[in-house]
Amino acid sequence: MYLHLGQDTVIHTEDIVGIFDLDNASVAKATKEYLAQAQKRGWVVNVSYEIPKSFVVCVREGRTTVYISQISTATLLKRTSFLRGIANIPRQ
């Protein structure tokens, strides 16, 4: 399944390590350091130039990518729940 993060960015749900609220998570020193290191290493992809609300950490084929999105964590989680629901519907 795929998850739309905003603009033209779509990711595989199986690659998601975590979905984080940017305001809450960036308060912690460890998270600030992680995001700074990710930025230095070129792992960060800004999905939109609007005010960021969340970040999504993905690992695909051993490569880490941190997506910064304007979409709230609540909306992203609803989308993943919706996708799981679709996947569990029996096909006729």
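Which residues does Thr9 touch, not counting residues up to four places away in sequence? Keep that in mind as you read these notes; point 3 returns to Thr9.

1. **What you are looking at.** This is a predicted model, in which local features need pLDDT of at least 70 and side-chain atom pairs count only at pLDDT 80 or more, while totals for chains, interfaces and linings use all residues. Residues are numbered from 1 along each chain as its sequence is written, and side-chain values use heavy atoms, with hydrogens and water left out.

2. **The overall layout.** The chain has 3 helices and 6 strands; helices (H or I, at least four residues) and strands (E, at least two) are DSSP runs, numbered from the N terminus. Of the 92 residues in the chain, 35% are buried (buried means under 20% relative accessible area, exposed over 50%, partly exposed in between, with a 1.4 Å probe and protein chains only). The accessible surface of the chain is about 6,300 Å², and carbon and sulfur atoms hold 53% of that surface (areas come from the Shrake-Rupley method with a 1.4 Å probe; for residues, only the protein chains shown count as cover).

3. **Thr9 and its contacts.** Now back to the opening question. Thr9 sits in strand E2 and touches Leu3, His4, Val47 and Tyr67, leaving aside residues up to four places away in sequence. Contact here means heavy atoms within 4.5 Å. At 17% relative accessibility, Thr9 counts as buried. For the chain, contacts between residues 24 or more positions apart make up 50% of those with a separation of 6 or more.

4. In soluble globular proteins, nonpolar side chains tend to be buried together. The largest nonpolar core has 10 residues: Leu3, Leu5, Ile11, Ile19, Val47, Val56, Cys58, Tyr67, Ile71 and Leu76. Strand E1 (2-6) and strand E5 (54-60) are the elements that give two or more residues to this core. A second, separate core has 8 residues, including Leu22, Ala25, Phe55 and Val66. By definition, a nonpolar core is a set of buried Ala, Val, Leu, Ile, Met, Phe, Trp, Tyr and Cys residues joined through side-chain atoms within 4.5 Å.

5. **An aromatic pair.** How many aromatic pairs does the structure hold? There is 1 aromatic pair. The ring centres of Phe20 and Phe55 are 5.0 Å apart and the planes lie at 20 degrees, so the pair is stacked. Phe20 in strand E3 and Phe55 in strand E5 are 35 residues apart, and the pair links these distant parts of the chain. Phe20 is partly exposed at 32% relative accessible area, whereas Phe55 is buried at 2%. The rule for rings of Phe, Tyr and Trp (its six-membered ring) is that they pair if their centres lie within 6.5 Å; planes under 30 degrees apart count as stacked, over 60 as edge-to-face and the rest as tilted.

6. **Two salt bridges.** The structure holds 2 salt bridges (a side-chain nitrogen of Lys or Arg within 4 Å of a carboxyl oxygen of Asp or Glu). One joins the side chains of Arg60 and Asp15, at 2.8 Å, N to O. Arg60 is in strand E5 and Asp15 in the loop between strand E2 (9-12) and strand E3 (16-21), so this pair ties together parts 45 residues apart in sequence. Asp15 is buried, at 9% relative accessible area, while Arg60 is partly exposed, at 38%. Another joins Glu33 and Lys29, at 4.0 Å, N to O. Both Glu33 and Lys29 lie in helix H2 (residues 29-40), 4 residues apart, about one turn of the helix.

7. **Two backbone angles to check.** Most residues other than glycine have a negative phi, and most peptide bonds are trans. Gln7, although not a glycine, has a positive phi of about 50 degrees; Gln7 lies in the loop between E1 and E2. Glu61, also not a glycine, has a positive phi of about 55 degrees and lies in the loop between E5 and strand E6 (63-69). Gln7 is partly exposed at 46% relative accessibility, and Glu61 is exposed at 78%.
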